[in-house]
Amino acid sequence: MSFPFLLRRLVLVIPTLIGVSIIVFVLLRVVPGDPIMMMIPPGATEDDIDHLRQLYGLDKPILEQYLVWFSEVLKGDFGTSISLRQDVVELILSRLPATIELAVAAMFISVILGTSLALIGTFWSNQWPETIVDGFTGLNQAIPDFLWGLIFILAFGVLWPLLPVSGRIDPRINLDLVSQFYIVESLIRGEFSVFLTLIKHMIMPAIALALPLTAVIARSLKASLRETMTQDYIRMAQVKGFGPWRILIVEALRNAMIPTVALSGVQFNFLLGGTVLIERIFSYPGIGNMSIGAVIDRDLPLIQGLIITFAILFIVTNLVIDMSYRTLNPRVRNE
Amino acid sequence: MSEPTRSGRVHLSSLVRTWLGGIVIGLLILIAIFAPWIAPHDPLKQDLFSGLMAPFWLDNHDPAYLLGTDSLGRDVLSRLIYGTQIALVVAFIAASLAALLGTVLGLLAGYYGGWLDTVVSRLVEIWMAFPPVLLSIVLVAVIGTGLHSVVIAIVIIDWTRFCRVVRAETLVQREQEYISSAVSIGFERWTILWREILPNVLPLLVTLLTLEMGIAVIVEAILSFVGLSVSSDQATWGGLIQEGRQYVHSAWWVMSLPMICIIIAVLAFNALGDGLRTILDPVMRK
């Protein structure tokens, strides 16, 4: 993988982001419904309304509004949230780390769990472990992440109360962390009790988010492992007398991984999108939860900022996956 | 030695799955149609003196309310039965419209190629960049709540699923010999598309359509859960989940019953879709 390739990919990101921003901007404005009407107190006069409309620039034509907004965005200014009356960038930055920690944890879980299931299903293929793995992936095709979240709340929050069902941290804990990356920071500082409560709060939403992707990884990886295991170089390794686990993990896994990595780009996007509902269900203070609030309040500047943030997250994830795919796959590595 | 028995088993179980899925969906359709006669109570009738009653298998239940009541004293069983109506209406209408839009665009793009194909493919790519859940929530917030906007949102988001597959399949079919023979005996392009290619894409389409119905049930539940589907006093599975979530610590069953309904419906649509795929596919049938 070469530097010019990376540069080319980064340049291609710009039109996509502009496209996303135009679609969102126009979509939110051509439709009926007036955000100003939602924020005025009863008894406001026409003058008050006009004043507010001018203040938020909503009295100008759409194209002009877009150009003004876009030139501010280029300077890193996404405007002021209408419902929360705070700077949009500050709001998003204060919530983004929570979502990143949750999403990374979920991705980690799904990769580890999905790979293990695929290995187990291949090692004991045509025996009961494979049946269990197949049953698990089949069930996960039907049950979406938000239902898993609710099932976990029922099971481990209510019927057998093991884990906290809402928030990111116990409100009684006095936090003096400087960043919003609580898990990372508590680990670095060695505050393990804080770290433990953070994990306890995160484990249910993270697993709920991870399960659909786990199933996709397990299914796809098992299919390509089955194919890889019939190839000549694997036979060769068997003849050489390598142990079955060694052949599976050291010899087969690396090649079998390639199609799964290629597939996981879109799937990671689904996982990121899934944070919206999962955060809502677990009252987890990230940008997903914030998005639903912003949509319900018709908070245009905040919605725009959030969608652009999600788009950037998708693009970055896809870029990383694309690059790891290129590193893994010798056929495209040297292009 | 193991291969023939294995594929035989797959075929048998897919037949069983298809039937099971079909029967469950048939039952759900009957429940939806006959809801006014089956439901023991009016799903909207409140009885504040008998709120949060337990279902029949727990203590302090009232035999009049088989599955208990919600916080406003409305009968949970009746709300579930009426919820079936909305879930199925959304599933059938939204999935069919998404299939129609996606199939038409996919057929045209795949068959005619050229700039049309470029435009459609690019559009699909941009569409895939949006997170579906967030997009549906934004869309419904934009169009306004209500049954029709839920349907519109699902169509706008999910037409790409059909378009991608149908386009790819049309590309394959276009190169087959029977198409060149049809062209050489002077069939019109439209006739070829309609009479020759569409029937060959149909098995795949039926499978996708069935799976999409399951997805639509979930999307409707999600939107009701967030409070953006039909008006909140109407009975929906997602709405009941959202209600139950608020007092899950005092009455856990209110949330779990509609979840079971959704899981059953989605599993049934998936079983039917997967089964049909195996049965309709001539290669897998062998």
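## An enclosed helix in chain B

In this predicted model, the buried residues of H9(B) are covered by elements that include H7 of chain A, together with helix H3 (76-112), H8 and H10 of chain B. Helix H9, residues 237-246 of chain B, has 8 of its 10 residues buried, so it is largely enclosed by the rest of the structure. The buried residues of H9(B) are B:Trp237, B:Gly238, B:Gly239, B:Leu240, B:Ile241, B:Gln242, B:Glu243 and B:Gly244.

## The contact between the chains

The contact between the two chains draws 36 residues from chain A and 29 residues from chain B. On the side of chain B that touches chain A, at least two residues are supplied by each of helix H4 (114-128), helix H5 (132-143), helix H8 (189-226) and helix H10 (252-280) of chain B. The largest share of that side, 9 residues, comes from H10(B). Divided by class, the residues on the side of chain B that touches chain A are 24 nonpolar and 5 polar, with no charged residues.

## Packing of H1 and H4 in chain A

Two packed helices are described by the angle between their axes and by the distance between the axes. Helix H1 (residues 3-29) and helix H4 (residues 62-74), both of chain A, pack at an angle of about 135 degrees, and their axes are 11 Å apart. H1(A) and H4(A) are therefore oblique to each other, and H1(A) passes H4(A) in a right-handed crossing.

From H1(A), the contact is made by A:Ser21, A:Phe25, A:Val26 and A:Arg29, while H4(A) contributes A:Ile62, A:Tyr66, A:Trp69 and A:Phe70. By class, the contact of H1(A) with H4(A) holds 6 nonpolar residues, 1 polar residue and 1 charged residue.

Helix H3 (residues 46-55) of chain A is hardly covered, since the count of buried residues among its 10 residues is 0. H3(A) is followed by A:Gly57, whose phi is positive, near 70 degrees.

A:Asp176 lies in the loop between helix H7 (145-159) and helix H8 (182-189) of chain A. Does A:Asp176 count as buried or exposed? A:Asp176 has 7 C-beta neighbours inside 10 Å, and because a residue with 12 or fewer is classed as exposed, A:Asp176 counts as exposed. From C-alpha to C-alpha, A:Asp176 and A:Ala262 are 41 Å apart in space, and they are 86 residues apart in sequence.

Definitions and conventions
Residues numbered from 1 in each chain as written. Chains lettered and ligands numbered in written order. Predicted model: local features only at pLDDT ≥ 70, side-chain atom pairs only at ≥ 80, totals over all residues. Axes fitted to C-alpha atoms, helices over the stretch in contact; angles between N-to-C directions. Helix = DSSP H or I, 4+ residues; strand = E, 2+ residues; numbered from the N terminus. Parallel < 35°, antiparallel > 145°, perpendicular 65-115°, else oblique. Left-handed = near helix turned anticlockwise from the far one by under 90°. Contact = placed C-beta atoms within 7 Å. Nonpolar A, V, L, I, M, F, W, Y, C, P; charged D, E, K, R; others polar. Buried ≥ 20, exposed ≤ 12 C-beta atoms within 10 Å, placed from the backbone.
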